[in-house]
Each structure stands twice: as structure tokens, then as C-alpha cells.
Amino acid sequence: MNEANGAKEVPYYLPLADEVEIFSSAYEQRLPVLLKGPTGCGKTRFVEYMAHRLFQGEESTPERRAVSEPLQTVACHEDLSATDLVGRFLLQGDETVWQDGPLSRSVKEGAICYLDEIVEARKDSTVLIHSLTDHRRILPVEKQGIILDAHPNFLLVISYNPGYQNVLKDLKPSTRQRFIAIDFDYPGEEQEASIIAHESGVSDEQALDLARLGSRVRNLKHHGFDEGVSTRLLVYAGQLMCKGVAPLRAAEVAVSKAVTDDEEVQRAISELVATIFVV
Amino acid sequence: MDCEPVKIDFFEKLSSVNARTAQRYQQVELEIAPSLTQEDLMQWSSLCCELAEAGWHAWETADKYIELSQQTLTRFGPECLVSVGRFGLTLCKNSFEPANVYFEAINAGFPELNIERLKLIESVGQVLTERYKQAASLVARYFSCGFSISRLQDIDTVKDWCEVASHQINLGRPEILALIETSEQYPMANWRFARSLYEMSPQTGQAYVLSFGFLTNRLTSVEREFETLVFDYSKSKQPMQGLYAALNETIPQLESNAVNMLIRLLQKIPRTDLAQALVETCSKPPLSAVLSNEAVMSTWIETGLDLLPLKPDSALAFLKHESSQSTDLLERLLGQVRFSEEQRMLQLYSEALVGTRLKLVANDLVEQEYRSLPSSDGQSVFLPEVVGRHEHKQDNFRWMKVALCHQLGCYEFGTFDFKYDNSHVPFGDYFRTFDEPRLAADLFKILEDGRIDWRMQTQYKGIAKDFALLKRDEIEKRPRAPMGGRNQLLELLTRYSLDFSADIQALLTSDTNAPIDGVTVSNSNDQFVLDDELSDLEAELISIFQPLKSLDSTVFDSIQALHECYDIVSQLSRDKVDLPGVDFRGRISLDKASMNLELTAIEDADVEFTEDEDGISLTGAADTKDIKIDEIKKGDVQEASSVMIADQDMAMDDEIEHVDEPGGSKEFEELKNERDKPIPETAYKYDEWDHTIEDYRKRWCTLYEIRAVDEDVDFVPNLLSEHRGLANQVRKQLNMLRPEMLRKVKGMFDGEELDLERAVEAVVNRKSGVSPDENIYIQRQRKDRDVSALFLLDMSASTDDPIADPDNEPAQVSYDDDEDFMRGYYDELDSMPKDTRKKIIDLEKESVVLMAEALQGLGDSYAVCGFSGYGRDRVEYFICKDFEEPYNHKVKARIGGIKPCRSTRMGPAIRHATKMLAATESRIKALIIISDGYPQDHDYGSDRNSKDYGIKDTTKALTEATQKGVQSFCLTVDPSGHDYLREMCPDQQYMVMQDLSQLPNELSKVYRGLTT
């Protein structure tokens, strides 16, 4: 559930527009940020990059550099409750010991807490967002009966995929309007090719072909897969190709069978692969 | 004692008839007298006189007898001479013509004629003469023919022929005449075999005789096989007429080796009806093209014959190539690819490749199934329905895919970016600025097609090899024969556009990374060589091509190349013969496509198009609106071309029949109106289930989707004002279906409130040591309706009947065997004065209108359609309201305009309705059929008196609908509906209306049942 990012290397991220500048500016003002976009388009990687940049990189401060875990990522799911985020009492021996959740830790330490796919979480967890994201910047810990004031360096970032969410699972306006929103989408072919080449290790030519395949398959969204094929899947395909898997087979397992069960759509994608790649 | 010479009496007698005859007599008498006894001489002379005196102009007959006398005497002796004379005299009793022919034939028959042949011919002739005394011409013709046969054939054959002739005489006068005609035409036919068939039965022999002459002329190398075939069939007493007729019809259309193959294949067929079916099937595509492929034909036939023991009807349908099993097997054996089976995948593929909404449609010209070419018009891409150019399926699929990619390439690589002087028909107007617009158009096609293919091959390396293979195939088919100068240059350009050179082999063998744009023309152009006086132009033409091969070439590069090529090619005079095109490139209606794209761009002006760096944009037209041809041409165009472009007042060239529209804004308006006009009819092909063969008849029915429906604007308003109460009632019933925005769902892991019952149970479980269930909450969930419904109305002629008294017997339409009668019946119905009583069709319409009014509030998607037609080639499907159409005044008028038509062929109508529903992709798809009787049509099954075929096909169609997720329900007003609906409708989903006034109510109940 928690992902601590202690990597010292700069996470690779290729800016597509002005998202880096917007996020930096938002952080300076401690404005909560909502990242919107389809799956696998780079939202999480962007947050990792910005966390590194702000806490360990060129925009860091000594105080922020001291934070051991600048980014607390929580992959939200439908069983995720407020308790999971804030903390709970655990039994250790014959004592009950309080264990902070990732949100509490971030609030206390002044890190970035990134709630990925927030709408998946249970309703009681989204309620916590409200008090953290307005002028109060507080986190009530009901079980301890305390209210935590957020550290000045704390920032809440959430992500949200508007494409496939059903009507029930939607962000309420009162929640949405607490965040500035940055839209993400799949990059253009050349940019995506750079990303794929870097992440998977394939040649530039093959990376461009994969990016081309991705842009073509995305023309088929609404035929059973509303999001198109993600950059992540294209990277997977590239990684398989690096290990000697033939392009047709790599695309089959990483793209066509991953995004759809419709056999004819799968065949169409296979024909696309045969059109783009030399098989 | 020597007789007194009597010649003077005979001479005088003959002289009194004809002097010349007398002289001739005298002359011959001198010659033959030494060889004759006095008695014989007397008989001979007497015969001469009797012949001469037999009648008017009988001396001519006597002349002929006298003429043959010398030879006859010498060869056959005096007895025969006299008997010949007597026989001739017998013939003269009825007419001279036969006698004349008889004598002439004998005279002409020497030296081959002998007594035996003579007697054979005479004996049959005698029978013929006695039977048909008045048929002088027939008898004459018999003798002519008989002696001719005698001259040409050996004695045994002559006997056979005479035997055959005797049989024919017994059959009748037309039969003997037919034999004579056949014998005259084919004297060398196998009379021995014919005789053997006559010994089986005269009819068998006769059938063969009447047909074989022509047949054996074409069957010389398989004559023995054919005879064995005929003998075996005849021995088993099978009717042969149909087979002979089919062979007579088919054989002229086939090459000789195909004919031989057909006869050999027929050896496998045990029955003549199957043989006839096979022959008829082989007379047309696809079998006619496959006939020489023995392996395929044998496998196909054997599979058909395997059905014979248990399903003879299936075997017959198989060999007629009417069953799905037959067509599927043949396609598999031939590696054919059928577009309709790949359509969805190709549609997805094209949508993905160019991100466009081009619709893929089959080019379904049945007669030219193998010849139809791909094409496009800016809205659709047309591909051949069947591709069977190669032996293997993968090669045929490759052809189809490359052909599609070429058409798509025109959109992706900016063919329609071309603009000319604000013209809405830019290509046509631009080509007309040349002295020979057609030449300009032809050159442009060659250059632009080449550019598109090179761009495709460069951008999509995967398909580059496929393109290269097809290009090689096309080059191999290109003409090499001597041609005029201009055609030579055009052919050279075409070949270069197909990468004709030795270097291209590198791409096709091992080196898949060989650069396409590095291809150069080999000097060793041994397959196609220009005439000496043109060879200097080759290098110049090659150099014109180079810019088109670059990675970012545009249509303007093609235009530039066009000018340069035109300057060279137009100097040579036009040839009479046109060169063939390149099949896989097909054709494209440039201006029509350009206009359609422009109109599409205008319609979609709100949508933001993404155009990546490769220029993939459907709205190329909009983006390059400002580019003027003059700007592109600045500094590039030679002076002459500039003059041509500037001169826009050129007269239209009469030869531009294949170039796009005449031009101008008026033409643009016409094209636009044509595009905006609702399409009156679109044709679809559907299979039909034949229960007798337990298989589908492939693409058996043609259904016409008709949107131009009669309108009655008053019907709906009148109905609503008359039945306001009922309308409210129906609306109320359907409103009960409207979903609550939120619905409570119990037993959830989380929710807004506790489910008390489950919570108590959980506590009890915990106290008793059992793990409690955690799903103790109640959640409020939203439920939406996702429903598409189609109301399908029977518009058959019987719905014009007034609503019957339920106690009376229902009126039945009895179908006459005569199709003309049924046509007349329908025409009469149309012309009859209208009955003012409420009709069944009125009730159907009323019910649907009330439903439509109520559905407006519910928000479900629905369509209203009707069906009728006449025959399998004309099933009519009327669309009054489509799913996306709003329920506006036009739709209301169309529903009001529904009127009774003709027959009730339900199967194809249900299949088409299912297709419409499946396309909606709704979760719930409902088909409600409102009918007044069982399915029937004049050719709905081979037995017109049986309802089974129609019922079984409809049953199958409803089953198919269920398999595709469509729930169906049949409502009928036919009191005997239980009899067939019980079988037709899956899960008993039907209702027989007893009280028709309840139809609107019942319809809403049915709707509720289906959609919840």
C-alpha cells in the first residue's frame, strides 16, 4: 500500500508542456494538486520526479533535503479506509501501540502525500482530504482524539482518471474544487518514442515504431477500451523486445491482449503491428 | 430369234415428252444394250418411259435415271439397274423430288456406293416413304443425308445409322427430321453408340442423338469418357434431357481443357440431376474459373457427394453451390478471402491506421466478383467482396490489405491537400487547364499512386514487403507487346512507379532493410525496352520521379512532376488503345473525395483535430485552404505551364469522361446535394436457412433498406386526439420503468447505513464463536437504463384486411403457382377502392405510435421499421425511425405513411433488425415483431404450398438474434398463430392477440417484460 521513494537517482520524466513549472509554482504556494489523465500516461512518474526535484534536486532546500521519505504514495482501492491512511492501534505483545498511516507521516514530516486513484477509496477516506486541502491544513486523528497541523512543507497530491470511472465513483465538486488540476495525456509520437527508448532500452527506431503503434491503437478507443494503450504498456512491449521477443508477440502480450478481449480488435492490432514492424 | 428393235417406240415416246431426254436415252441405250438381255433392255426402256411420263417435268427424273444407268449396270448388274428404276418410279408416285434426289445421290455415290449400302438406304427409305407419303421434302432429304453418310462411313456405321433412322421413324416426323439435321451437320458422329442407346430405349437414344452432335464436336478427346457416362446414366434409366441441355449451354463457354475436366469430373457423379447441377454451376463464376484445378474440384465434389446417402437435397444444393457448406469449403480450398468476414477487423484496422471514419464497404458486383477494383470517395472505401487471385488465403488477404492501405494512404499522405484557385472541384478544374486533360489526369494518377505507395512503404516498414510483392506481381502482368510512343512512356512511368528494377529483388529476398528510396533503375531493362527514338527520354523521366520518393513528399510534388512529365509525353500522339491500370491501386474519385472531406470538416468544425508531425489529418483540406497553386509553382513552373495555369477559360475537353466533375461552384452544389440527399436504398445480402438441406443458402436474399418512405402528416395528430386516454395509459405504464436515481442494495461491505438484520446476525455469530460476515451495510446505487428496442411491423398485403370478427374464420391468401398471377393480385390490391373500416395495419401503426409517445419520457433508444417485399431478391425494409433519430414530425409522418405492400419474408427482416440492434451496443436489446400471419413469400422454399421453409428460416433467424444478445417477442393478430409461433419463437416469447383493441396495452406490457 505504501511506496517509499528513497531513490537517489533522478526519476526519468520527459516534460510534455509546462506541468513542471505549474507544479513547482503550486508547491511554493502549497496548493493541493490534482493530476488528471488516463492510466499509464506518467502521472505517478511525474510526482516522483517533482518530489525528487523539490526535495533532493535543484529546487530543494536544506530542510526538505532532511526529509527521509519525501514522497508517500498510496495506491487507493475500494477497501482503503480512513484508518489505513491516518493510522491505527496495533497489538504488540500485551500493549496497544499507535502506528501512523502514510498520510499522518507526510503531514508530520512535511512530505508529499500522493493518493493515486483517490476515487477508488472508501468514502470515509475522501473526507480527510477536505480539512487538509483548505486554509486549515489540519488532519483530525479521531482515534487519538487529536488534530494534527500539517507541516509547512506538506503537500497533498491526488490523481484521478476520468475516463473509465463509473458514474457512482466520481469526485464531488466540493472535493475537486480544492485542487488545481493538471491534465495529462499520452505524448506525441516523438516524445513518446524518447520515453519508450529510455525506459525499455530499445533502439530509437523501434521506440518510434512502438510510439506509432500506440498512437494508432489509441484511435480505437471506444471499441472496448476507453483509454487506449498506455505508455506503460508500450514500455513493457519494448522491454520484451529488448529481451529478444519478436515485435508481433511482444505487442500481442503487452498491448492487444492487455487492453481488450475482443478478438477482432486484437486481430486488428496484430495487423497494425505487422504493418508497422518488420516481422 | 432376234427381237424387233423396239427402240423406235421408246424413242418416239420419249421424244413426245422431251427431245433431249429421248436423245440421251438413245445414246445410253447404245452403250448398255450389248450388256443387257432383250428382256432387261425392254424393262429398262420401259422404266425410262414410265418415269418420263409420270407427270409434269417428269422427264427430268427420267434423265437422272438414264444418266446413272451405265455406272449402275457396270457396278451392280442389270437386276439392280432395274430395281433402282422401279424404286425410283415408286417414289415418283408421290412426288418427283425424292426420286430426283434418290437418283442423283446414287450417281454421286460412286465409286464408294455398293449394293449393300444401297439396299440399306433403300430399305429405310421405303419405310419412310410408306409412312409419310406426302412428305416429299422429308423423304428427299433423307435420301440425300443417307447417301452422304454412306459415302463417308464404313458399312457397319451405315448399318448403325440406318438402325437409328428406323427408330426415329417410329418416333415421329419431327424426330426423323431432327436426325437428318443432326446427321447433315455431324455425319461423322458415333452412330454405333447411338444405336446402343436406342436399344435401351428410343427416348434415350433420341435424347442423345439430338444433343450429341454438338457435344461430340467439342468432346473429341474425352469422347470415350463421355460415352461411358451417358451409357451408365442411360442404363439406370435416369432422365438425360436436363443434363444434355446443361451441357449444350455450358460447353460453349468453357475452354477445351475445362470441358475435358468437366467430363472427367462427371464420372464421379452417380445421378443425372446432380450432374446437371454440377454442369450448370460450372458455367459461371466462381466454379468456371476453378474448373481446371482438379485437386480442388475433386475434393469439393467428393465432399458434396458424401452428403448424398443421408441428405440428397443437401448434396444437390451443395453441387449447385447454394449452400454455405459448399461456399465455405470452396473458399477454404481456394484460399479465397471474403471481405464480409474480415470487414469488422479491417474497419478497425483502417480506423486505427488513419484515425478516420471512412466506412469500408464491399464492392459486391456478382458478375464481376473477381474483377471489381478497390475505390474510395471520401466517405467510404470500397473493396471487392471476394479476392481469389492467388492460391493461398494469406496471399489473397495480403492483396486485400495492401489495396486497402493504398486507399487509406491517399488520406494519410495528403492527396486531398491539393487546392486550386478556390475551386471546389480542384482536380477536375486543374486538369482542364491542360490541352489534354485526360492525359494530365492519367499522368497524375500514375505519379500520385507511386508517391502514396512509397510513403506507405517508408512509414510502415512492416507492410513494405507486402507492397513490394504486389508491385512485382503487377509488373509481371504488365503488357510488353509493341505499343505506340506515348503508351510506351506511360508504361515506363507505370513500371517505375511499381519499382520496376532488378534492385527490388533485394527487398524480397534476404535484406529486409534495403532502402526503398535508394532504388535505381537498372540499365538491363530487358523486359520492357523503349523504342530507340524514345530511349533518350528514359533518364529524364526517371529523374522526375526522385522527389516523389522522399520521406516528406506531398501532392504538390506530384503536381510538379505532372507538369514535367506532361511536357514530355504530350509531344507524342495519342494511342488508340488504353493501357491497363494497376489493380491493387484501384481508383479514387478525386473531386468527390475532396468535396466529401471538405464537407466533413465543416460538419465537424467543433471537434479539435490532432495532427501529428507526420501529417495524419483528415482535415488536410481545411488546413491547406490558403495554399494557392501559384505560390507552389513560383520559380518552379516552366513558362508554358504558367500560361496553362493562368488560362482558366479553357474550353472543356470532350475526352475527359473519366475525370471528375465539370467544375465550378454549381457543380459543387450538385455534389453537395447528392451527398446530403438521403440514400433511397441500400442493399444488403443475407443468408437464408434451408431446412431441407440443413444448411444456409449463402447470401441468398437481397434486402433493400429504404428510408424514402411515404408520409402521412395527419395520422399521428389524429390518433393522439382520438385516443388521448389510451396514450396516457400507455405512458403511465412505461413510466413505471423509469429507474429511481438511486437504489438501495443490501449486503455491501460499506454503505451509508447499517443493514440491521445482517448486523444482528453478525453479532450473534461473533458471540457464538463463528466469524461474522462483514457485509452488513446498505448502499445506494444508481441504476441507469441502457435499452435499445426495435419495433418491426409486418407490412404484407394481408394487413390491409379489415380487423376481422374474432368469431369468424380468418381469411387465407391462397398462393397460385403462377407468379404473374400473384403480381397481378398485388397490383389489383393497390388499385382497389379503399375500405374505410379499420385495418390491421392501422392497428399496428397505432400501437407503435402510442409506444413511441410513451418512450419519449422513458429515454430508451428505439427504432420503428417495417418489412415486406416480393421474392428473395427484393426484400424491402423500411426505416421510419432509426435509433439516433429524434421523434420529430418527419418521423411521425413516416410512421403514419406505413401502408400494406406485398409478402412476408420474415427471416431477412429479422436478421437486418438484429444487425441494427447489435450495432447499438446497448446492454438490453429488444426486438418486437408485430405481424398478422405466418411468414410467406412466393419463393420462400421450393414447395410453395408448404409453410415449413418460411417458419423454419424465421425460427433460425430468431435463434441467431438470441445468440447475438437480442431478445425477441412476436405479437400476432393471426388467431392460428399458436400453430407456428410455438415453434418459431424461442422460450415461447410470443402472444396471439384475441382482442385486437388490446394491442397497445399488451405491447407496453411486453416492452416492460423485455426491458427490465
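**Figure 1. The interface of chain B and chain A in the predicted model.** Between chain B and chain A an area of about 2,500 Å² is buried, and carbon and sulfur atoms give 51% of that area. The contact involves 27 residues of chain B and 25 residues of chain A. Across this interface the rule finds 7 salt bridges, and it also finds 15 residue pairs in polar contact, both residues of a pair being at pLDDT 80 or more. On the side of chain B that touches chain A, the helices α21 (339-354), α22 (393-412) and α25 (461-477) each supply at least two residues, and α21(B) gives the most, with 9 residues. Sorted by class, this side of chain B has 11 nonpolar, 4 polar and 12 charged residues.

**Figure 2. Charged pairs that involve both chains.** Side chains of opposite charge can pair when their charged atoms come close. One salt bridge is formed by B:Lys401 and A:Glu271, whose closest N and O atoms are 2.7 Å apart.

**Figure 3. A salt bridge between buried residues of chain B, B:Asp453 and B:Arg585.** The closest N and O atoms of B:Asp453 and B:Arg585 are 2.7 Å apart, and the two residues form a salt bridge. This pair links distant parts of the chain, with B:Asp453 in helix α24 (residues 437-459) of chain B and B:Arg585 in the loop between α29 (555-569) and β6 (587-588), 132 residues apart. B:Asp453 counts as buried because its relative accessibility is 0%, and B:Arg585, at 2% relative accessibility, counts as buried as well. Elsewhere, salt bridges that share partners join A:Glu189, A:Glu205, A:Asp209, A:Arg212, A:Arg216, B:Glu412 and B:Lys461 into one network.

**Figure 4. A salt bridge between partly exposed residues of chain B, B:Lys159 and B:Glu116.** The side chains of B:Lys159 and B:Glu116 meet in a salt bridge, with 3.5 Å from N to O. Here too distant parts of the chain are linked, since B:Lys159 lies in helix α9 (residues 155-171) of chain B and B:Glu116 in helix α7 (residues 115-131), 43 residues apart. With a relative accessible area of 33%, B:Lys159 is partly exposed, and B:Glu116 is likewise partly exposed, with a relative accessible area of 40%.

**Figure 5. A salt bridge within chain A, and a residue of chain A with positive phi.** A:Arg53 forms a salt bridge with A:Glu59, the closest N and O atoms being 2.6 Å apart. A:Arg53 counts as buried at 16% relative accessibility, whereas A:Glu59 counts as partly exposed at 22%; the two fall into separate classes because the cut-off for buried is under 20% relative accessible area. In the loop between α1 (19-28) and β2 (33-36) of chain A lies A:Arg30, whose phi is near 55°, a positive value in a residue other than glycine.

**Figure 6. Backbone features of chain B at B:Pro286, B:His57 and B:Gly335.** A cis peptide bond, with omega about 0°, joins B:Pro285 and B:Pro286, and B:Pro286 lies in the loop between α16 (272-281) and α17 (287-290) of chain B. B:His57, in the loop between α3 (38-52) and α4 (58-76) of chain B, has phi near 65°, a positive value in a residue other than glycine; B:His57 counts as partly exposed, at 32% relative accessibility. Phi is also positive, near 70°, at B:Gly335, which follows α20(B). In helix α20 (residues 324-334) of chain B the buried residues include B:Leu329, B:Leu330 and B:Leu334, together with B:Ser324 and B:Glu331.

Figure 7. Leaving aside residues up to four places away in sequence, B:Glu846 touches B:Phe715, B:Leu719, B:His723 and B:Lys838. Although B:Leu599 and B:Gly378 are 221 residues apart in sequence, their C-alpha atoms are 9.9 Å apart in space. Among contacts in chain B between residues at least 6 apart in sequence, 73% join residues at least 24 apart.

How values were computed: Residues are numbered from 1 along each chain as its sequence is written. Chains are lettered from A and ligands numbered from 1 in the order in which they are written. Side-chain values use heavy atoms; hydrogens and water are left out. Contact means heavy atoms within 4.5 Å. Buried area is the accessible area (1.4 Å probe) that two parts lose on being put together, summed over both. A salt bridge is a side-chain nitrogen of Lys or Arg within 4 Å of a carboxyl oxygen of Asp or Glu. A polar contact is a pair of N or O atoms within 3.5 Å; within protein, one must be able to donate a hydrogen and the other to accept it, and residues adjacent in sequence count only if both atoms are side-chain atoms. Helices (H or I, at least four residues) and strands (E, at least two) are DSSP runs, numbered from the N terminus. Ala, Val, Leu, Ile, Met, Phe, Trp, Tyr, Cys and Pro count as nonpolar, Asp, Glu, Lys and Arg as charged, and the others, Gly among them, as polar. Buried means under 20% relative accessible area, exposed over 50%, partly exposed in between (1.4 Å probe, protein chains only).
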